[in-house]
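Subject: Structure handover

Hi,

Here is the structure I promised. Please open it alongside this note, and my findings follow below.

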Amino acid sequence: MSSKTEFKKAELFALAQVRKSMNPEGYHCIGYFHEGIFECDHVSPITKSGGCVDADIMIVLQDWSGAEYLKRIEKSQAEYEARKGCDPKSRTNKKLDELLNRHFGLKRADCYLTNLFPFIKGGGMSADISCFDLVYCARTFTLKEIKIVDPKMVICLGLNTFLALRSAAGHVGNLKLADAIDNPFCLERLNASVYCVAHPGGNRTRDREQNEKDWETLKKTYDSKCKKL
């Protein structure tokens with residue numbers, strides 16, 4: 001393992017300690033549930049499922065889970081998700097794995113995955129998180145993760161994730177999903193460009209055919225631009 005890789009891991013570990021030190025008002029910490037079984041040395045547990053710190057592609061999801069779900073799952077399921085870093089059988093994770101494999105020929109282990117919001121929201125899996133809190137976490141964690149990993153392409157799953165990262169990077173104005181997909185942005189002084197795709201768990205404004213074309217375009221962009229970096 002190269003010294004550069006070791007340095008990245010150390011920096012990401014330090015960022016995880018920042019997350020552990022925080023107790024955000026109105027939300028739960030990862031370690032709150034099931035006697036702390038989900039706590040880990042990553043900003044988000046999902047990095048366990050895709051933690052290649054030298055990856056060219058970084059995947060950013062909005063958040064990891066909801067309090068209602070984590071409270072009701074049984075111990076065996078909690079242990080399974082804690083070990084894997086996610087529920088591989090969920091619709092979102094299964095679809096993401098299919099899209100990565102079909103369009104990039106990659107597994108999630110070949111990428112670096114994280115959640116923009118690294119805490120647990122109250123309510124169910126679809127509960128809202130305020131724009132202010134999303135932007136704050138994008139600035140506090142996600143932009144720093146991107147700087148450390150230094151990927152060539154950052155793929156945001158869902159409009160809210162993309163807009164929060166876009167705002168944290170200093171861009172103003174709101175966008176609808178179609179416009180966000182058509183308007184990636186570059187991060188200043190970094191190699192990475194940030195792209196938006198519809199959330200793989202389902203989106204009413206982007207049908208399956210459109211979503212497939214979006215991923216095809218991402219791959220073409222990666223081949224024509226990112227591979228040259």
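A search of the whole structure, which is a predicted model, turns up eight aromatic pairs. Take Y27 and F117. Their ring centres sit 4.8 Å apart and their planes meet at 65°, so this pair is edge-to-face. The pair links distant parts of the chain. Y27 is in the loop between α1 and β1, F117 is in strand β2, and 90 residues separate them. Y27 counts as buried, at 16% relative accessibility. F117 is buried too, at 1%.

Another edge-to-face pair is Y32 with F33, at 5.0 Å centre to centre and 85° between the planes. Here the partners part ways. Y32 is exposed, with 52% relative accessibility, whereas F33 is buried, with a relative accessible area of 3%.

Back to Y27 and F117: ring pairs link them with F119 and F141 into a cluster.

Now the sheet. It is open, has five strands and mixed pairing, and its order is β2-β1-β3-β5-β4. Which strands stand at the edges? They are β2 (112–117) and β4 (185–186). Each has a single partner strand, so one side of each lacks a neighbour in the sheet. Further in, β3 (residues 153–157) and β5 (residues 193–197) run parallel and are joined by five bridges. One detail to look at there: C156 has C196 in β5 as its bridge partner.

Helix α5 (residues 131–149) lies across β1 (57–63), β2 and β3. Its direction is at about 160° to β2.

Next, a lysine. K8 belongs to helix α1 (residues 3–20). Is K8 buried or exposed? With a relative accessible area of 6%, K8 is buried, because the cut-off for buried is under 20%. The K8 side chain makes a polar contact with the side chain of D54, at 3.1 Å. Leaving aside residues up to four places away in sequence, K8 touches V53, D54, I148 and V149.

Last, helix α6 (residues 159–168). How many of its 10 residues are buried? Seven are, so the helix is mostly covered. The buried ones are T161, F162, L163, A164, L165, R166 and A168. Just after α6 comes G170, which takes a positive phi of about 100°.

Best wishes

Conventions. Residues numbered from 1 in each chain as written. Predicted model: local features only at pLDDT ≥ 70, side-chain atom pairs only at ≥ 80, totals over all residues. Heavy atoms only, no water. Buried < 20%, exposed > 50% of the residue type's maximum accessible area, 1.4 Å probe, protein only. Helix = DSSP H or I, 4+ residues; strand = E, 2+ residues; numbered from the N terminus. Polar contact = N/O pair within 3.5 Å; in protein donor to acceptor, adjacent residues only side chain to side chain. Contact = heavy atoms within 4.5 Å. Pairing = 2+ DSSP bridges. Axes fitted to C-alpha atoms, helices over the stretch in contact; angles between N-to-C directions. Phe/Tyr/Trp six-rings, centres within 6.5 Å; stacked < 30°, edge-to-face > 60°.
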